[in-house]
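Colleague: I am new to this model and would like a close look at a single part of it. Please take the metal site and then go on to its surroundings.

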Amino acid sequence: MTDDSDLTARVQDSFDPERTDPRLRELLVPLVQHLHDYAREVRLTHAEWEQMIDFLTRTGQACDDLRQEFVLLSDVLGLSMLVEQLEADAAPGGTPQTVLGPFHLVESPPREQGDDISAGVPGERALVTGRVLSVTGEPVAGALVDAWQSDTDGNYDVQRESDEIGQGRGLFTTGDDGSFRFVTVVPSDYPIPTDGPVGELLAATGRHPNRPAHIHFQVVAPGFALLTTHLFVAGSVYLDSDAVFAATPDLVEEFVPDDDAEQAARNGLSTPFPHARIELVLTPEHARAS
Ligand code: BEZ
Ligand code: FE
């Protein structure tokens with residue numbers, strides 16, 4: 001075997017400590033170490049290296065303004081969720097951060113409390129009520145809660161070309177008690193895009209592309225770190241095998257039948273209606289690594 005054992009160190013030493021940003025060097029030196037160790041460990045062949053370069057090239061070529069195949073690759077390899085978890089370690093106590101996903105494409109329409117965000121799509125109406133809280137349990141008033149979800153067939157508005165953009169989306173401002181509420185349909189599970197290189201990878205490894213049914217949330221409030229998270233629907237089939245590894249037990253909520261006539265009347269529903277409750281806990285802005 002002709003393995004230049006010096007090669008790894010020589011590449012690492014080529015990043016001049018005097019002329020390289022210290023953090024960049026801290027990122028690059030272990031990257032070279034792990035890449036070289038990997039190639040040695042699996043005895044990477046030239047043909048396999050070429051195949052990998054071709055895969056990454058096509059991944060880049062599949063990206064455009066609306067599609068980010070590299071982020072999708074990071075998602076299915078669990079790297080996106082690992083980065084979220086590492087960030088969360090710096091800010092304990094908050095609602096778990098998850099991937100943003102590719103369907104936060106448009107700004108959600110501002111809505112009033114109790115609005116029906118599903119805007120006419122078929123399906124049984126359900127109520128989502130929530131509170132935005134600080135890690136010390138105080139309500140966060142005036143927080144912007146952006147919610148977006150698929151319909152009961154697993155499609156987002158941007159995937160149903162004929163429909164009005166904004167269906168399944170709503171931007172709410174929390175009240176003095178940190179609360180928000182909206183009417184919607186219970187979303188369905190759906191597959192991530194599989195018509196690109198990431199789909200090939202899933203097919204080649206016997207993996208399904210599905211995500212458990214969920215509602216996305218993003219919360220912005222002054223003095224707090226941006227929260228990007230999900231509510232996963234209890235009982236959804238893919239809770240244990242989310243294609244992007246974002247589903248965790250902490251984020252699963254049940255839509256339970258609710259008989260509360262006052263709540264039904266206030267939200268234009270009839271009893272019993274499915275009702276999911278969620279608490280979104282924000283960490284202080286400075287606590288999370290930037
Ligand atoms: C989604 O939830 O919409 C999603 C998230 C990550 C990758 C693909 C889709
Ligand atoms: Fe989604």
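This is a predicted model: local features need pLDDT of at least 70, side-chain atom pairs count only at pLDDT 80 or more; totals for chains, interfaces and linings use all residues.

Modeller: For comparison, six octahedral donors would ideally give angles of 90 or 180 degrees. The protein supplies Y156 and Y190, each through its OH atom, together with H214 and H216, each through NE2, and these donors lie 1.8 to 2.1 Å from the iron ion. Along the chain, the donors follow the spacing Y-x33-Y-x23-H-x1-H. H214 has 0% relative accessibility and therefore counts as buried, and H216 is likewise buried, because its relative accessible area of 2% is under the 20% limit.

Turning to the open space in the model, the largest pocket holds about 360 Å³. Its lining has 18 residues, of which R67, F103, Q159, P193 and D195 are the closest to the centre. Helix α4 (69-76) and strand β5 (190-191) each supply at least two residues of this lining, which divides into ten nonpolar, five polar and three charged residues.

As for strands, β2 (residues 144-149) pairs with β3 in the antiparallel sense over five bridges, and L144 has T173 of β3 as its bridge partner. Strand β3 (residues 169-173) is largely enclosed by the rest of the structure, because four of its five residues are buried.

Key
Residues are numbered from 1 along each chain as its sequence is written. Chains are lettered from A and ligands numbered from 1 in the order in which they are written. Side-chain values use heavy atoms; hydrogens and water are left out. On a 1 Å grid over the protein atoms alone, a cavity is a set of points where a 1.4 Å probe fits but cannot get out, and a pocket is an open set with protein on both sides within 12 Å along at least five of seven lines; lining residues have an atom within 4 Å of a point. Grid points are joined across faces, edges and corners, and a volume is the space filled by probe spheres set on the points. Ala, Val, Leu, Ile, Met, Phe, Trp, Tyr, Cys and Pro count as nonpolar, Asp, Glu, Lys and Arg as charged, and the others, Gly among them, as polar. Buried means under 20% relative accessible area, exposed over 50%, partly exposed in between (1.4 Å probe, protein chains only). Two strands pair if DSSP finds at least two bridges between them. Donors are N, O and S atoms within 2.8 Å of the metal (3.2 Å for Na, K and Ca); water is not among the atoms, so sites may look incomplete.
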